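Colleague: I would like to go through the labels on this model and hear what each one rests on. Please set each value against its cut-off.

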Amino acid sequence: MRANADDSPGRGRCRAASRAASFLSCLATLLAATGCLGPKSLELTRLRYDEAVHETSEQQWLRNIVRLRYGDLPSFLDVAAITSQFEVSGRGGMTGGRERDSPNRSLFGDFWLQFRDAPTLSYTPRDPAELTRVMVAPVGITALGLMANNGWSIEDVLRLIVGEMNGLQNAPGAEAIVPEAVPGPSPFLEMAGMAGRLRRERLLVLSSVDGPEAVSPEIAADRVDGSDFVQAASHDLEYRPAQGSDALVLTRSAPQYRLSFSPAAEGVPDAIALREILRLAPGRSDYAIRREGVPGGVGLLPLPDSLDSIDVRTRTLLEMLAFLSKGVVVPEEHAARGLAAQAVGPDGVPFDWTCVTRGLFRVCSRKKRPRDAAVAIEYQGYWYFIAETDKRSKSTLGLLQALFNLQLSEPKKSGPLLTLPVGL
């Protein structure tokens, strides 16, 4: 910048002083910026990185669901670390002097400010052994209770996690990556809807209690002495009488869940119908929930008309992903080419698999990138997305991620570090 006097040396000196003051003010602002952009950079970038990780995680889950609809296995790539270096630099200068043969003074100055963000991202593929363990291990009753009691509808939790309950099958065949047959009629969906309505009206409670869980086979009582009891207690274990025999079983305390009816539910149609569908014994207010470890095991045995507990077969994460993949709308072009697994219904026409997850999860497809999507990915020439107004599907996707994180946090189960007196 340059200052020149137009009429008098005095006025020229005033203007030069004003320009110099302005320049010095800019220079001071520059120096102040270099000192405050450190914490300011955190405000500018932290939430953006968090949002980017969140969005790409949802996209990864949606892509895996779409992959399974086409018979491809899922894969996961984690963001292990984000390291960002911020650099602020600036420079300024000013020169001035009296012009030749003139009483006027001139001032020249310049300054610049540079801000640089250099992020370093580290990606870690999931260990195949760990990923397989997490994906094929059935989730526990604890996961069912935690999800149903922490923000998600018990109806949605039952439809996603439970494959079978007291002989009621939940969309059998939909858990397969390549289904061989269409699901038969089942009152499971009706049962889940009843449970959801009763829960919303505070007439049904899923409560947690601590109870003994067996961690050993039956042991003859005469083989257990005082030192064995002491050793078990030091590991937070306890010997208890085995059910139906004189033997002992080593147990540990574990959270267990019960389904309880409120006294106000007496005579309520949904409560009566729920007991009838699940074959629950009347006259009781609560029923223990037990996990059935063998798929289809409940249906292999004739069930009595009156049960005092609820036997549940929970799904694995891979089965849940395969189940939700049936909610993907396959483009007609891909269906005609046989890219996605199809099945023929009883009426002889291709079965609409999206009806299996209706009201729970739906993934739309479109040739062009959607503008009204909550989350979207591109796969095999089409865009697959969850509509931004479809809060139920968005919630189900979040439920799946929460279950995955819960399964990852589960320690690898191993037997107690005890010498059991079984005499083998």
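Modeller: One term is needed at the outset: pLDDT is the predictor's confidence in each residue, from 0 to 100. The model is predicted. Over residues 296-300, pLDDT stays under 50.

Colleague: How many contacts beyond four places in sequence does the model have for residues 296-300?

Modeller: The model has 10 such contacts for residues 296-300, where contact means heavy atoms within 4.5 Å. Residues 1-7 also stay under 50 in pLDDT, and for them the model has 24 contacts beyond four places in sequence.

Colleague: Where in the chain is confidence lowest, and where is it highest?

Modeller: Helix H8 (residues 297-300) is lowest, at a mean of 44, and strand S12 (residues 382-387) is highest, at 97. For the chain, the mean pLDDT is 81, and 75% of its residues reach 70 or more.

Colleague: Now the aromatic rings. How many aromatic pairs does a search of the whole structure find?

Modeller: The search finds 8 aromatic pairs. One of them is formed by Tyr70 and Tyr379, at 5.5 Å centre to centre and 55 degrees between the planes.

Colleague: Why is the pair of Tyr70 and Tyr379 called tilted?

Modeller: Centres within 6.5 Å make a pair, and planes under 30 degrees apart count as stacked, over 60 as edge-to-face and the rest as tilted. With 5.5 Å and 55 degrees, Tyr70 and Tyr379 therefore form a tilted pair. Tyr70 is in the loop between helix H1 (9-69) and S1, Tyr379 is in strand S11 (residues 373-379), and the two are 309 residues apart. Both tyrosines are buried.

Colleague: What makes the pair of Phe76 and Phe404 stacked?

Modeller: Their planes are 15 degrees apart and their centres 5.1 Å; stacked requires under 30 degrees. Phe76 lies in the loop between H1 and S1 and Phe404 in helix H11 (residues 391-409), so this pair ties together parts 328 residues apart in sequence. Phe76 and Phe404 also form one aromatic cluster with Trp61.

Colleague: How do you know that Phe76 is buried?

Modeller: Buried means under 20% relative accessible area. Phe76 has 8%, so Phe76 is buried. Phe404 has 4% and is therefore buried as well.

Colleague: And Asp156, why is that residue called buried?

Modeller: Asp156 stands at 4% relative accessibility, which is under 20%, so Asp156 counts as buried. Asp156 lies in helix H4 (residues 154-161). Not counting residues up to four places away in sequence, Asp156 touches Leu360, Arg392 and Leu399.

Colleague: Which residues form the nonpolar patch on the surface?

Modeller: Leu77, Val79, Ile82, Leu121 and Tyr123 form the patch, with about 440 Å² of accessible area together. Strand S1 (77-98) and strand S2 (105-125) each supply at least two of the patch residues, and S1 gives the most, with 3.

Colleague: What makes Ile82 partly exposed?

Modeller: Ile82, found in strand S1, has 36% relative accessibility. Partly exposed lies between the 20% limit for buried and the 50% limit for exposed, so Ile82 takes that label. Patch residues need over 30% relative accessible area, and the 36% of Ile82 is therefore enough on that count.

Colleague: Why does Thr83 get the label partly exposed?

Modeller: Thr83 has a relative accessible area of 45%, between 20% and 50%, so Thr83 is partly exposed. Thr83 is also found in strand S1. Thr83 and Leu121 are 38 residues apart along the chain, and their C-alpha atoms are separated by 6.4 Å.

Conventions. Residues numbered from 1 in each chain as written. Predicted model: local features only at pLDDT ≥ 70, side-chain atom pairs only at ≥ 80, totals over all residues. Heavy atoms only, no water. Patch = residues over 30% accessible without salt bridge, like charges linked within 9 Å, V, L, I, M, F, W, Y side chains within 5 Å. Areas by Shrake-Rupley, 256 points an atom, 1.4 Å probe, with all protein chains shown as cover. Salt bridge = Lys/Arg side-chain N within 4 Å of Asp/Glu carboxyl O. Helix = DSSP H or I, 4+ residues; strand = E, 2+ residues; numbered from the N terminus. Buried < 20%, exposed > 50% of the residue type's maximum accessible area, 1.4 Å probe, protein only. Phe/Tyr/Trp six-rings, centres within 6.5 Å; stacked < 30°, edge-to-face > 60°.
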